[in-house]
Amino acid sequence: MTLAYAVCSVSVMPLRAEPSHRAEQVSQLLFGERMEVLAEEKNGWLQVRCEWDDYEGWVKKGQVAIITYKEYRKPLHYYNTGITDLVQVEHGHFLLSPGSSLFLMKRRDIKWGAKEYSFKGRKVALKQIEASAEGLRAYSKLFAGSPYQWGGRSLMGLDCSGFTQVVYKLLNTRIPRDASQQALIGETVDFLQEVRCGDLAFFDNEEGRINHVGILLNDHTIIHATETSGCVVTDPIDNGGIISKQLRMRTHKLRLIKRVF
């Protein structure tokens, strides 16, 4: 049952497995991303379902703006695309991560309930986005060097599937949140030599479970957010998997390749 509708009103908001700051961060919401409120705890925690990917978890009430169902249903028109973009508020300003949703923005102003913002930076209109190899290279490299962070989806920290999801969001393409979920969509590419820029490569562990994903730039290069290197890096790939340039060793075993667009 949906109790209310809300939008993330801070740069990056943790989505936690339980209503506690000590709980695992399972994902993040970026500024302007919408959610349904499913439950509320007395200590200011909200259980929410994310509009972008249906992920569920707990967030702090002070980091969202409550909106009406009519507002919630309105279409999104713009994403931000710069790494120095910011939002001005009455008491200061904060930076935005690329792929944040400029929801209900008119000219440069945003208003959600009593909260008001002014956007300063680069934006792209969704109706003008075309999924292309050039766009994918440009957007994926915005995050080069960003630190690895479990559950992260922002410039300040990403995990492997958070990275692929946000890059695809910038191309106005929805994909699921987790690597194992992402592996279930798209068309299988049978051979590494047949890949196109933007295909997703998936990797498994010793138990055969998919535990990693990255974006192929060509048939011998992959960009990915990796715990082993600690950040978003570009590495060589062959039929056996990823070979870390930094560690000079094979770090991930290739399982399958999928084409989303």
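Guide: One term to start with: contact means heavy atoms within 4.5 Å. This is a predicted model, where local features need pLDDT of at least 70, side-chain atom pairs count only at pLDDT 80 or more, and totals for chains, interfaces and linings use all residues. Residues are numbered from 1 along each chain as its sequence is written, and side-chain values use heavy atoms, with hydrogens and water left out.

Visitor: Which residues touch the most other members of the largest nonpolar core?
Guide: Those are Trp112, Phe143 and Phe163, in a core of 49 residues. A nonpolar core is a set of buried Ala, Val, Leu, Ile, Met, Phe, Trp, Tyr and Cys residues joined through side-chain atoms within 4.5 Å. Buried means under 20% relative accessible area, with a 1.4 Å probe and protein chains only.

Visitor: And which helix gives the most to this core?
Guide: Helix H3, residues 160–170, with 6 residues. Helices here are DSSP runs of H or I with at least four residues, strands are E runs of at least two, and both are numbered from the N terminus. Another core of 15 residues lies apart from the largest one, and its members include Met35 and Val59.

Visitor: Switching to helix H2, which residues are buried there?
Guide: In H2 (residues 133–142), they are Gly135, Leu136, Tyr139 and Ser140.

Visitor: Why do they line one face of the helix?
Guide: Seen down the axis of H2, the buried residues fall within an arc of 120 degrees, so they line one face. That arc is taken from the directions from the helix axis to the C-beta atoms.

Visitor: What do they pack against?
Guide: Helix H3, plus strands E13 (123–125), E18 (210–218) and E19 (221–226).

Visitor: Now strands. How do E9 and E10 pair?
Guide: E9 (residues 86–89) and E10 (residues 92–95) are antiparallel, over 4 bridges. Two strands pair if DSSP finds at least two bridges between them. They make a hairpin with 2 residues between them, and valine 89 has glycine 92 in E10 as its bridge partner.

Visitor: What's the order in the open sheet of 4 strands?
Guide: E10-E9-E12-E11, with antiparallel pairing. E10 and E11 (109–112) are the edge strands, each pairing on one side only.

Key: Buried means under 20% relative accessible area, exposed over 50%, partly exposed in between (1.4 Å probe, protein chains only).
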